[in-house]
Amino acid sequence: MDVRFRRALVPLVLVGALAAAACGRGGTGDAGQFRIAIVTRNFTNPYWAALRDGALAEGAARGVKVVVQAGQSETDADGENAQISTMAAQGYDCFGVVPVNATNVITPLAAVARKNIPILNLDTQIDAKASQQAGVSYASFIGSDNLEAGRTAGRTMLEALGGSGKVVVLEGIAGEQNGINRNQGFSETVAGKLDIAQRAPADYEQDKGLQVTEAILEAHPDITGIFAANDTMGLGAAQAIKNAGRTGQIKVISVDGIRAALDAVQAGTLYGTVTQYPYAEGQLAVQGCLALHQGRKLPERVVAPIAFIGSGNVAAQLSAFPRPIVTFDNPVEGLLNK
C-alpha cells in the first residue's frame, strides 16, 4: 500500500475541547446548525455499525448533528434508497453514502444533487459514469484500499502455508466492487504459488459461510487455507472447520476487523483478519463534511487505514477497539479549522 502512515485521527478526548471553535470561524457558520446525514447498508453487520458509531462519536465531539440510517440487510437496496429519499427532504447539509452496489443509490441521490448538497461516497465506490449521467457528483471517496486488503491477505496466506498449498476463496455479493477488489488482490498475489481449488459466493453472511464451507470440506478435504472476503463469512468458515475437528489444520484469513473476528483470532479459530477500521471511516466522513462546510476542497480519494491482525498484535487491537492501532496520513483533519 503506497499510503504513508504518518498521522492518526485526533483522539476524541482532545477534539471535544476544540469543538466550539472548530466551525464558527472564517464565516463558516455555526456547527450546531450544521446537519450531516449518513446512510449505509444495515446495522446487523458489525462493520456498518462501527462506521455508524465512529460518525456519531465524531459528530458529538465536534458539536455537529449527525444522523445515520440504513437498510435492513446487506442487499436491501430498496430500503437504503428509501432512507436516502426521506432524508433528502429533511434539510441535511451534507450526505455520506455507502451503496449496496455500484448503482443503487444514484436515483435517490439525484434529488440531493439538485439541491447542491455535497455528497461523500463512502467505503464502496459508486459508478462514476452512471452518476454523471444522472447529474450526481461526489466531493470525495472515503474508504480503504480493497485491492491492498486482498494483497495483504494473499501475502499472509503464503507465509502461513509456507508458500504452497490448496485454498478456497469465499466471495461476497455478486457484483459488489469491494469483494471483487479483495478477491482480485488475493488471487493476483498467490497466482502460481497457491492452487485455488474453488471460488464460492456466501453473500457476506455467516450462516452461508458455514454452509458453503461444509460443502467445500466434503468436496476438497485436502485444502489448507480459506480466504473470505469479509469477517462474517470467515467466522462461518472457521465454525465449519471447528465442527469438522480441523481447527489449526486450515488457515482462515478474512477482511474487516469486526470484534467477533478479533475474538476468534485470539481464540485461535481464525488465523487473522485484514482490519479496515470502519470506525475511522465514520470519523473521516464527518470530518470531510465539516471541511466542505468550511469551504475546503477535499482530495478526490481519502484512503482509510488497514492492518493485518494476527496472534501477535490481536491483544493490542482488542484493547484499542474500535480505533486503529496504526497511525495514518489523514489529509482531511489537516484541512479543518482548529
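Is the disulfide of Cys-94 and Cys-289 left-handed or right-handed, going by the torsion about the S-S bond? That torsion is about -75°, so the disulfide is left-handed. Keep in mind that this is a predicted model.

**The disulfide**
- A search through the whole structure turns up one disulfide.
- Its partners are Cys-94 and Cys-289, with sulfur atoms 2.1 Å apart.
- Cys-94 sits in strand E3 (residues 94-97) and Cys-289 in helix H12, so the pair ties together parts that are 195 residues apart in sequence.
- Both Cys-94 and Cys-289 are buried.

- In soluble globular proteins, nonpolar side chains tend to be buried together.
- Here, the largest nonpolar core has 58 residues, and those with the most contacts inside it are Ile-36, Ile-38, Val-66, Leu-170 and Ile-226.
- Helix H12 (residues 278-293) gives this core its largest share, seven residues.
- Apart from that core lies another of 19 residues, including Ala-88, Phe-95, Val-112 and Val-136.
- If you skip residues up to four places away in sequence, Ile-226 touches a list of residues that includes Met-157, Val-168, Leu-170, Ala-237, Ile-241 and Val-252. Thr-213 and Lys-251 are also among them.

**Helix H8**
- With 14 residues, H8 reaches 20 Å from its first C-alpha to its last, close to the 20 Å expected at 1.5 Å a residue.
- Ten of those 14 residues are buried, so H8 is largely enclosed by the rest of the structure.
- Among the buried ones are Asn-178, Asn-181, Arg-182, Asn-183, Phe-186 and Val-190.
- What covers the buried residues of H8 includes helix H7 (146-160) and strands E6 (165-171), E7 (194-201), E8 (225-228) and E9 (251-256).
- After H8 comes Gly-192, whose phi is positive, near 80°.

- A polar atom of the Thr-189 side chain lies 2.7 Å from the backbone oxygen of Gly-185. Gly-185 is itself one of the buried residues of H8.
- Leaving out neighbours within four places in sequence, Thr-189 is in contact with Arg-151, Gly-154, Arg-155 and Leu-158.

Methods
Residues numbered from 1 in each chain as written. Predicted model: local features only at pLDDT ≥ 70, side-chain atom pairs only at ≥ 80, totals over all residues. Heavy atoms only, no water. Polar contact = N/O pair within 3.5 Å; in protein donor to acceptor, adjacent residues only side chain to side chain. Contact = heavy atoms within 4.5 Å. Helix = DSSP H or I, 4+ residues; strand = E, 2+ residues; numbered from the N terminus. Expected span 1.5 Å × (residues − 1). Buried < 20%, exposed > 50% of the residue type's maximum accessible area, 1.4 Å probe, protein only. Core = buried A, V, L, I, M, F, W, Y, C linked by side-chain atoms within 4.5 Å. Disulfide = S-S within 2.5 Å.
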